[in-house]
Amino acid sequence: MTTLTRAWLTRSFQPFTFKNEYDTKLAFAECKGLGLYVHIPFCRQLCSFCPYCKELYNAKVCDEYIDHLIQEIHIVGSQLTEKKHVTSLYFGGGTPALAAGRIGEIVSAIQEHFIITEGIGLELHPDNVNGETLTILRSAGVSKISIGIQSFGDKYLSILGRKNFNLAQISAALKKVPFETVSMDFIFALPGQTFEDLKADIETAFSIGANHIAIYPFIDFTLTNSTIKPMGKQEKRKQLDDITLYCQTIGYVRDSIWTFSNTPSAKYSSMTRDNFLGFGCSATTLLHDQFKINTFSVTEYQKRIDNNTLPTSLTLHFTKCQRMIYYLFWTAYSTKVNSQEFEDFFGVPLKKIYGFELWIAKKLGFVIEERGTYRMTLKGAFYYHYYENYYTLAYIDKMWGIMRHEAFPREIIM
Ligand SMILES: C[S@@+](CC[C@H](N)C(=O)[O-])C[C@H]1O[C@@H](n2cnc3c(N)ncnc32)[C@H](O)[C@@H]1O
Ligand code: SF4
């Protein structure tokens, strides 16, 4: 299904071919709407359901890694002689808050080459949410935080193999140290989970200091050792529709397929950027004509940096239509696509390339058009979410599965 859709939308049977090659200079000088991402792959506990590039935390290993990360930032950043404006900087992982004491140094390295205009975001495990860590992060310039709650219910934490946490400590810390965005992550469509369970989670989140929430459907990655049984399609759809309607009725704003906020200015998304530069193991970089992904191996990553070379493992050079589809897929994640922005990016009208597909999408009730902006309907959002699940399993699962075991695969064709 993904192959046929890809061939139709990219107007070609040419697959996505990721090769073990890389450009020593990255063409980001002219990129508008550039975002930055930094990956810190260490966690105190490795959750069996989680597909991300991560390993057990060790203070010495983490410190060495960060020394190399700072070098990578300088290798890439010094390709430009003037500071470049970027929208945002997001720290993901793993659990970047475990390196709270060194975030300031990383931000300073970034600021030697870039000017961040929309703030700095960082992910925390609930165990990291205490006054001391939040104060350190705030003084390092972090303005948005995302906490991986997953569920407030002991039953679902136990299904996920996660320990319960100290709710009073989290609430007190959030009161003491304010952030522009406090986002909390939840996983839904877990065995036995009901709409009432999710509603209670959402309300607890907003009552203890969140102003933004991300509700991810549980994805059963084959690359993980998870034994959690995924929910059936219909039940999952009902749960997604119920949560969405509940959030909308109560007045929470949907700012992407899986995120809602009770404060319009609260935003947390590292994904919906036109272009981005990624630093660290497994970090991806998306530019006008290419996508590259760094090696997943901490050791091999550091070896490359020691040789003053980029730690790229694979590069994909896009055809024009492949890049358009990539753009539309991730822009649609925000539940809307603006024709003018597409035209500004590609220099060609959206309707000229995808007029027929948009017409079908309107007829099927997936989108509505309002003065040049295509907005996803509830039905459209479900099908996007459904397709995204296929995409994740067909592309990300396969690629990350290989890259976990091979630092520099020769080629991956998808
Ligand atoms: C890097 S983690 C967040 C920070 C921190 N490491 C933690 O776990 O609290 C990113 C988020 O991905 C989501 N996630 C991980 N594995 C998932 C899966 N199999 N299905 C759906 N969401 C998943 C979780 O909601 C998690 O909070
Ligand atoms: S969910 Fe978070 S803590 Fe658990 S392994 Fe993934 S990144 Fe680490």
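Predicted model: local features only at pLDDT ≥ 70, side-chain atom pairs only at ≥ 80, totals over all residues.

Me: Ligands, then. Which residues come nearest to ligand 1?

Reply: His 125, Gly 148, Asp 185, Tyr 216 and Ile 219 come nearest, out of 18 residues around ligand 1.

Me: Which elements give two or more residues to that shell?

Reply: Three strands are listed there: β6 (89-93), β9 (144-150) and β10 (181-188).

Me: How do the residues of the shell around ligand 1 divide by class?

Reply: There are 10 nonpolar, 6 polar and 2 charged residues.

Me: And what surrounds ligand 2?

Reply: Three cysteines are in the list, Cys 43, Cys 47 and Cys 50. Leu 46, Tyr 52, Lys 54, Gly 93, Gly 94, Thr 95, His 125 and Gly 148 complete the shell of ligand 2. His 125 and Gly 148 are also among the residues that come nearest to ligand 1.

Me: What classes does the shell around ligand 2 have?

Reply: It has 5 nonpolar, 5 polar and 1 charged residues.

Me: Back to Gly 93 and Gly 94. What is the peptide bond from one to the other, cis or trans?

Reply: That bond is cis, with omega near 20°. Most peptide bonds are trans. Gly 94 sits in the loop between β6 and α3.

Me: What about Leu 98, where is that?

Reply: Leu 98 is in the loop between β6 and α3. It is buried, because 21 other C-beta atoms lie within 10 Å, and the cut-off for buried is 20 or more.

Me: What does Leu 98 touch?

Reply: Leaving out residues up to four places away in sequence, Leu 98 touches Phe 42, Arg 44, Tyr 57, Cys 62 and Asn 128.

Me: How far is Leu 98 from Asn 164?

Reply: Their C-alpha atoms are separated by 18 Å. Along the chain they are 66 residues apart.

Me: Which residues have a positive phi without being glycine?

Reply: Ala 189 is one of them, with a phi of about 65°. Ser 282 is another, at about 70°. Most residues other than glycine have a negative phi.

Me: Where do Ala 189 and Ser 282 sit?

Reply: Ala 189 is in the loop between β10 and α7 (195-207). Ser 282 is in the loop between β14 and β15 (284-286).

Me: Buried or exposed, those two?

Reply: Ala 189 has 22 C-beta neighbours inside 10 Å, so it counts as buried. Ser 282 has 25 C-beta neighbours inside 10 Å, so Ser 282 counts as buried too.

Me: Switching to strands. Why is β8 called largely enclosed?

Reply: Strand β8 (residues 120-124) is largely enclosed by the rest of the structure because 5 of its 5 residues are buried. Ile 120, Leu 122 and Leu 124 are on one side. Gly 121 and Glu 123 are on the other.

Me: What pairs with β8?

Reply: β6 runs parallel to β8 and is joined by 3 bridges. Phe 91 stands opposite Leu 122 there. β9 pairs with β8 in the parallel sense over 4 bridges, and Leu 122 stands opposite Ile 145 in β9.

Me: How much of β14 is buried?

Reply: 5 of its 5 residues are buried, and β14 is mostly covered. One side of β14 carries Asn 275, Leu 277 and Phe 279, the other Phe 276 and Gly 278. β2 pairs with β14 in the parallel sense over 5 bridges. Val 38 stands opposite Phe 279 in that pair.

Me: Now helix α2. How many residues, and what does it reach?

Reply: Helix α2 (residues 59-77) has 19 residues. From first C-alpha to last it reaches 27 Å, close to the 27 Å expected at 1.5 Å a residue.

Me: Which of its residues are buried, and what covers them?

Reply: In α2, Tyr 65, Ile 66, His 68, Leu 69, Glu 72, Ile 73, Val 76 and Gly 77 are buried. Their cover includes β2 (34-40), α3 (100-111), β7 (114-116), β14 (275-279) and α9 (298-306).

Me: Last one. What is the strand order in the sheet with β18?

Reply: The order is β18-β20-β19, an open sheet of 3 strands with antiparallel pairing. The edge strands are β18 (336-338) and β19 (367-370). Neighbouring strands of this sheet are turned by 20° against each other on average, direction ignored. β19 and β20 (residues 373-376) share 4 bridges, and Glu 369 has Tyr 374 as its bridge partner in β20.

Definitions and conventions. Residues numbered from 1 in each chain as written. Chains lettered and ligands numbered in written order. Near = placed C-beta within 6 Å. Nonpolar A, V, L, I, M, F, W, Y, C, P; charged D, E, K, R; others polar. Pairing = 2+ DSSP bridges. Axes fitted to C-alpha atoms, helices over the stretch in contact; angles between N-to-C directions. Expected span 1.5 Å × (residues − 1). Buried ≥ 20, exposed ≤ 12 C-beta atoms within 10 Å, placed from the backbone. Contact = placed C-beta atoms within 7 Å.
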